[in-house]
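Walk through this model with the salt bridges as a guide, then turn to the sheet.

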Amino acid sequence: MKSYWYKEPWFWFVIFFPTLAVVAGTSTFFIFQNNQPDMVSDDYYKDGKKINQDLTKYHEALARNITFNLKFEDGFAVFTPATGEMVKNQALNISFFHVTLAKHDISVLATAFGDGSYRVEIPADMLQGKWRVRAESIDGAWRVQEYVQYPNTSVIKLDGEQD
């Protein structure tokens, strides 16, 4: 009796694992290509020098005692000035930076509402997890920031102190 190669179980057993390895490797390659991490920095030395220059904005916020309370409610991030010497109802640059995925970052120019608070609409598809939230004066004189976990129901304090 003649047996065909494709009817042999040992042939399929031997061929299964190399085929599985090729499929898994190809899948891994395409997943990596579509979800590449953002490059942190090409020149760490220059960035370090910029950070040291940039700390003056945080020191200015500390000197003016500027703090904000942040609360997430009804699809908005509500920034309420808590303390400090700042121009009343001045527009703010407000940014949300995802810690690993730069394509999800949000930056808006926020104007004050009648009660003095600033409201930023949160996109419905905003990722859950750790975010760096930053509020900066329109003229760039001071800056406050804090790392927050989104979503969050508690009131978060933003100040010039660096963690």
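Glu136 and Arg143 form a salt bridge, with their closest N and O atoms 3.3 Å apart. A salt bridge here is a side-chain nitrogen of Lys or Arg within 4 Å of a carboxyl oxygen of Asp or Glu. Salt bridges that share partners join Lys57, Glu136 and Arg143 into one network. Glu136 is buried at 11% relative accessible area, and Arg143 is buried at 6%. Buried means under 20% relative accessible area, exposed over 50%, and partly exposed in between (1.4 Å probe, protein chains only).

This is a predicted model: local features need pLDDT of at least 70, side-chain atom pairs count only at pLDDT 80 or more, and totals for chains, interfaces and linings use all residues. Residues are numbered from 1 along each chain as its sequence is written, and side-chain values use heavy atoms, with hydrogens and water left out.

The structure holds 5 salt bridges. Another one joins Arg64 to Glu60 at 2.8 Å, N to O. Arg64 is partly exposed at 25%; Glu60 is partly exposed at 28%.

Now the sheet. Its 4 strands run in the order 5-2-1-8, open and antiparallel. Strands are DSSP runs (E, at least two residues), numbered from the N terminus; two of them pair if DSSP finds at least two bridges between them. Strand 5 (118–121) and strand 8 (156–158) each have a single partner strand, so one side of each lacks a neighbour in the sheet. Strand 1 (residues 67–73) pairs with strand 2 (residues 76–83) over 7 bridges.

A salt bridge also links Arg119 and Glu73 (3.9 Å, N to O). Arg119 lies in strand 5 and Glu73 in strand 1, so the pair ties together parts 46 residues apart in sequence.
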